[in-house]
Amino acid sequence: MNVKRFYGKTVSDAMNQVKQAFGNEAVILQDRQVIKKRFLGLKKEKIIEVIAATEEKEEKREIVQKSVQPVPQVPIAQRPNPGAKAYQPEQLERIVRQLEAQGVMSDTLKHIQHEMYPLYYKREDERTDVELLEQALEPLLVNPPFRNALKEDTTVAIFVGQTGVGKTTTIAKIAALYKLKKQRTVGFITCDTYRIAAVDQLITYSNILDVPIEVAYTKEDYRLAREKLKHVDILFVDTAGRNYQDADRVEELCEWLGERDDTTEIVLTLGLTAKESDLLRVCEQFEKLHVDQLLFTKFDETKTIGEMLTLMVKTQLPVLAVTNGQAVPDDLLQLDRYSFANYFVKEAAMGERPSVRITKPNANV
Ligand SMILES: Nc1nc2c(ncn2[C@@H]2O[C@H](COP(=O)(O)OP(=O)(O)OP(=O)(O)O)[C@@H](O)[C@H]2O)c(=O)[nH]1
Ligand SMILES: [Mg+2]
């Protein structure tokens, strides 16, 4: 094996030298930043050192290898993850370790690694871990991944999801945001007559926020309630939490909600304390209903949010909001791709939470 050190101002400089000297079959053993002393050691300069190796081409070995299938030549910059035991640049290894600690599933992790490799080797300047991960996530998520708002032309927002995930509480938080901060008129319809206290719960919020409310016991009630509240800018519809792992429950809901137009938005509310496999199953079941946005609750009740990333990658849906507590209307987070990436590589390591938060409106809510 022929091993050599290469130096460059940037990683791509050094990698170009590797390619020129050893071609595409070179194996990178290590890359790191080193200090080079110049002018009798008085001046110091930071440079990149890459140690690369290639097989020595011996006459005899070539004869033996002729019978072996040739290895496809993949340019270094596009090589997939060489595997757990193989060399991985320290920065990538660190990011991957943190993603794993956050419970990011192996196939999502592979996609991220696949995006990070070329970014890492093509970089002209140093990138922080957050910047690298944020850029790697860009092609994997919808743009923007966190919309933090309903669609511009939405007039009816229907919140659906499993029992007890936080639909009613979150409706109150988002309605408060629209009424108090965005100065829009809002109204409530509750179709949750399944649980005795459910109606009272939304009526309480409607009183606090001074928002009109209609209760729909039947499909016809629902149609009439929409008609009655058609003067408001945004109508928030609360639905009964059911076991939506069961396809029949989703069918029933589709049937209940009937035809939908372009100004109706379906928000699938998912609790981050649930198992990833269960969340994925619920998302699958809801495909029939054509969900527009996801909403994640109970961010405060878990230390790992890998499943949130996996669901965002798999569903290719934007996120309306993330909630992190029971307080209405305060416990609502507004994230973006950067703060999300930051949570994985930095905040999580320190056991902290993202600090982006909607400030309490000037109201006694
Ligand atoms: N810790 C925490 N609790 C939350 C959050 N969101 C909601 N909750 C709590 O979760 C419980 C259930 O909330 P609800 O809003 O009633 O949930 P739901 O989905 O409407 O429940 P059903 O109507 O029974 O399906 C309540 O105790 C809420 O205060 C959150 O982000 N974090
Ligand atoms: Mg409810």
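The side chain of Glu49 makes a polar contact with the side chain of Arg5, at 3.0 Å. Glu49 also pairs with Tyr7, side chain to side chain, at 2.8 Å. The model is predicted. Ligand 1 sits in its second largest pocket.

- Glu49 belongs to strand β3, which spans residues 43-54.
- Its relative accessible area is 3%. Glu49 is therefore buried, since the cut-off for that class is under 20%.
- Two side chains make polar contacts with the side chain of Glu49: Arg5 at 3.0 Å and Tyr7 at 2.8 Å.

**The site of ligand 1**

- There are 18 residues around ligand 1. Lys167, Thr169, Asp300, Glu301 and Thr323 come nearest.
- By class, the shell holds 11 polar, 6 charged and 1 nonpolar residue.
- Helix α6, residues 167-181, gives the most to this shell, with 3 residues.
- The side chain of Thr169 places an N or O atom 2.5 Å from an oxygen atom of ligand 1.
- Thr168 has a polar side-chain atom 2.8 Å from an oxygen atom of the ligand.
- Gly164 uses its backbone: an N or O atom there lies 3.0 Å from an oxygen atom of ligand 1.
- On its own, ligand 1 has 650 Å² of accessible area, and the protein covers 85% of it.

- Ala341 lies in helix α12, residues 337-350. Its relative accessibility is 0%, so Ala341 counts as buried.
- Ala341 and Leu133 are 208 residues apart along the chain. Their C-alpha atoms are separated by 6.0 Å.
- Val313 lies in helix α11, residues 306-315. Its relative accessible area is 14%, under the 20% limit, so Val313 is buried.
- Val313 and Thr108 are 205 residues apart in sequence. From C-alpha to C-alpha, the pair is 7.5 Å apart.

**Cis peptide bonds**

- Most peptide bonds are trans.
- The bond from Asn143 to Pro144 is cis, with omega near -5°. Pro144 is in the loop between α5 (129-137) and β4 (156-161).
- The bond from Val328 to Pro329 is cis too, with omega near 5°. Pro329 is in the loop between β10 (319-323) and β11 (332-333).

- Most residues other than glycine have a negative phi.
- Gln183 has a positive phi, near 50°. Gln183 sits in the loop between α6 and β5 (186-190).
- The relative accessibility of Gln183 is 61%. That is over 50%, so Gln183 counts as exposed.
- Lys298 has a positive phi, near 65°. Lys298 is in the loop between β9 (293-297) and α11.
- The relative accessible area of Lys298 is 25%. That value falls between the cut-offs of 20% and 50%, so Lys298 is partly exposed.

How values were computed
Residues numbered from 1 in each chain as written. Chains lettered and ligands numbered in written order. Predicted model: local features only at pLDDT ≥ 70, side-chain atom pairs only at ≥ 80, totals over all residues. Heavy atoms only, no water. Near = heavy atom within 4 Å. Polar contact = N/O pair within 3.5 Å; in protein donor to acceptor, adjacent residues only side chain to side chain. Areas by Shrake-Rupley, 256 points an atom, 1.4 Å probe, with all protein chains shown as cover. 1 Å grid on protein atoms, 1.4 Å probe; cavity = no way out; pocket = protein on both sides within 12 Å on 5 of 7 lines; lining within 4 Å. Sits in = over half its atoms within 2 Å of the grid points. Helix = DSSP H or I, 4+ residues; strand = E, 2+ residues; numbered from the N terminus. Nonpolar A, V, L, I, M, F, W, Y, C, P; charged D, E, K, R; others polar. Buried < 20%, exposed > 50% of the residue type's maximum accessible area, 1.4 Å probe, protein only.
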